[in-house]
Number of protein chains: 2
Amino acid sequence: MLKTEGLNVAVVGVTGAVGTRMLEMLESSPLPVKSLFPLASARSAGKKVVFGGKEWTIEEAKPESFEKIDIALFSAGGSVSKQLAPEAAKRGAIVVDNTSAFRMDKDVPLVVPEVNEKALFQHHGIIANPNCSTIQMVAALEPIRQAYGLNRIIVSTYQAVSGAGAKAIAELENQSRDVLNGKEAQPAIMPVKGDKRHFQMAFNAIPQIDLFQPNDYTFEEMKMINETKKIMGDQEIKVSATCVRVPVSISHGESVYIEINKSDVPASDLKSLLADAPGVILEDDPEHQVYPMPANAAGKKEVFVGRIRRDPDVANGFHMWIVSDNLLKGAAWNSVQIAESLLKLGLVKV
Amino acid sequence: MLKTEGLNVAVVGVTGAVGTRMLEMLESSPLPVKSLFPLASARSAGKKVVFGGKEWTIEEAKPESFEKIDIALFSAGGSVSKQLAPEAAKRGAIVVDNTSAFRMDKDVPLVVPEVNEKALFQHHGIIANPNCSTIQMVAALEPIRQAYGLNRIIVSTYQAVSGAGAKAIAELENQSRDVLNGKEAQPAIMPVKGDKRHFQMAFNAIPQIDLFQPNDYTFEEMKMINETKKIMGDQEIKVSATCVRVPVSISHGESVYIEINKSDVPASDLKSLLADAPGVILEDDPEHQVYPMPANAAGKKEVFVGRIRRDPDVANGFHMWIVSDNLLKGAAWNSVQIAESLLKLGLVKV
C-alpha cells in the first residue's frame, strides 16, 4: 500500500469520527501515499494509528508539522483550521479543509469533484470541503441542473447525529438505553455542543443544527443555502433549507423539492439521468419498495437517490429523497476524492 | 364522572393505541357520558377497561352492538369501519370514524373543529376524522389562510411509529435494544404492515408510509394532499407531501413551506396570528432555543408551531415546523373534540 515514491499526507484531527474515516478512504484510494503524518491535539499525541500495514505515532498539530507535507486533510474543527491551515499552506502543503472556516472565502474553491472539479485550478493553498448535507444534495442535483437548468431548491433534512462528532453517537446510544430502561435521558452535546441548552435526542427530532443566525435560520441552513450557490456557480438559484436532527447514527436523509427551467419533462427522464450520473446510485422502484435509507447507505461512498416524482400541481416541479453517508461522501471521502483530483489535474506532483 | 342523564358512547377498537387514548380523552372531556360500550374484535371480548371509576366489559363489535348508541368512535382499521360504521349509522348512532374508509366520500364531513366545525351540519350519520399528519398541519395553517389566503403547501413529515399502531412502538423498542446490543433488527411491521418487504426502523428513516399509489406517491402522501383541500374547502390550493417514518414513538414533526396570497407580510405577523389561534401553541424563540419537539409534545392535545421564517428569495413564502401528538390531536382528541362539537351544535341530544 505505501509507496517509495509518493505523497506526504497529513491528517489533522485523525482520532475523530471523520479523521478515522479519512484514513480508511486513503487506504482504499489509488493515491500514492509515501508517508502519513497523523496529527491531533496534544491530548492524543503519542497514540498510534495503523495505516498501510504500519503503525504511525500521532503528533500534536503545530505550524512546523507541515514542513514536508504535500497534502493536508483537516477535520479538527473550525478554530484549528483557522489557526493552522494558513500555516500549512505557507509551508507548501495543499490543504483540504473539512470545516466551515474558509468555505465562503472568495479565494478558496469549495469543491465536490462530480460538480466543480475545475474550480481546483483556482486554489491558493486552501481548498474547502463543503458541508455534509450540501455535498450529497448538489451531487444529486447537478446532473439535472446541467440538463434542464435549476431555478429553485427547497430541502428538509433528516440528519444523523454523527455530524456532531463521535461523542454525539455515544450520546444517542446512551440516551436510547436510558429511555428504553425508563430512565431520563442525559443530554450534554445535542443539538449543538456550543449552545446554551441541550435536549434529548433519543426518540426525538430536533429542528436545530448549529447556532441560530440573526435571520432565524440556523448556521447549518445558511451553509446549505450559500454553499449550494457557490458550488453550482449560480447566485440566482433560489435555495431554502430546514435542517432537523433525527435519532440516526450515520447517513443524512433529505426531502428535496426542485423546479427546473423546462416544463413537461417526465420523472422517468430525471431517473435515467441520475442512473448514469457519477457518484450517484438511483434506488427508485416504488413497486418493489426500493428507495434510499440511512441504514443501507452507511459505509458506502455514493449518493443514493429515489422517490423521484412530479409535483401534482407544478409542471416543472419534482420531489425526491437523497441519502448518503455524512462521514464519507459528506466528509472523508469527498476530501480524499479532492486529493485524487489534485493529482489527476497535475496540481500536486508525486 | 358518569352522568345519570347523558350519552351512550361506543369506542370501537378500544384496546388499540388510539382506542386507549380515546377513553382518556373522554374521561377528561366535559361530554356527559352515561354508559360506555367498549367494543373490539372477538379476541379481546371479555377483557375489562376502567372508565369513570367503573369497570366495563369489552364486547365483540357487531351490527347489533350499536342499538342504543348515541356516538360511536371508530378506530379499529378501515375494514372494520367499512363493515360496521354504516350499521351503526343505520341504528341511529353518529359515527366519528378515525380510519381512511370514508374520508373522501362526498357525503361524509371531514372535520378538524378549529378549521371546519360547521361541516358537521352536513353529516348523514358518519363523520370522518382526518389523517393524523393532515390534522396538525391544517390546524396550524388555517388561521394563516383566513388572514392572507394560501396558494401553496409543500410538507415533509417526520412521523412517529405509533401511527402504525401499538405493535409498531414495541417493534421500534425491540429493534433499538437489538441494534444497541450489536444484534440484527427483526423487522415485521414497518414500514407498512400489509406491504411485501419490511425494514429496520431503529436508527433509520424510511420514506414510505402506507402503500405506493400508481403515481409513485404513497397513500399517506395522497391523504395529506386530498384531505387538506377537502377540509379547507379549496381545491385550488397546491399541496404536495413527502412522508417519512422516523424512529420516534409518539408525535409527528412536519417541515412545512407555504406561499400566502399577500407579499411583504413579516414573519412576526404570522407568529402573532398563531399565538392567538385556537388549539395552537406558538413555540418560536430561536434566541432561547425554543421550538417544538416530539418529545415535548407527546401527551399534549395542542398543535405546536415554531421556526417560522420568511423564505430567503420568495416574498410570500414561509417555512415552519409543526409538531403534535399523532395519537391525540392526530386521532383520539380530534375525535372526542368532534363529539363535543356535535353536542355544542345541537346535533346530538342528551
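Reply: The side chains of A:Lys271 and B:Asp216 form a salt bridge, at 3.4 Å from N to O; the term requires a side-chain nitrogen of Lys or Arg within 4 Å of a carboxyl oxygen of Asp or Glu. The model is predicted, so that local features need pLDDT of at least 70 and side-chain atom pairs pLDDT 80 or more, while totals for chains, interfaces and linings use all residues. Residues are numbered from 1 along each chain as its sequence is written, chains are lettered from A and ligands numbered from 1 in the order written, and side-chain values use heavy atoms, without hydrogens and water.

Among the elements that give two or more residues to the chain A side are helix 5 (166–180) and strand 10 (238–245) of chain A, as DSSP runs (helices H or I, at least four residues; strands E, at least two) numbered from the N terminus. Strand 10 of chain A supplies the largest share of that side, six residues.

Contact, meaning heavy atoms within 4.5 Å, involves 64 residues from chain A and 64 residues from chain B. The area buried between the chains is about 5300 Å², of which carbon and sulfur atoms give 56%; this is accessible area (1.4 Å probe) lost on putting the two parts together, summed over both. In chain A, A:Leu180, A:Phe203 and A:Gln289 lose the most area to chain B, together 13% of what that side buries.
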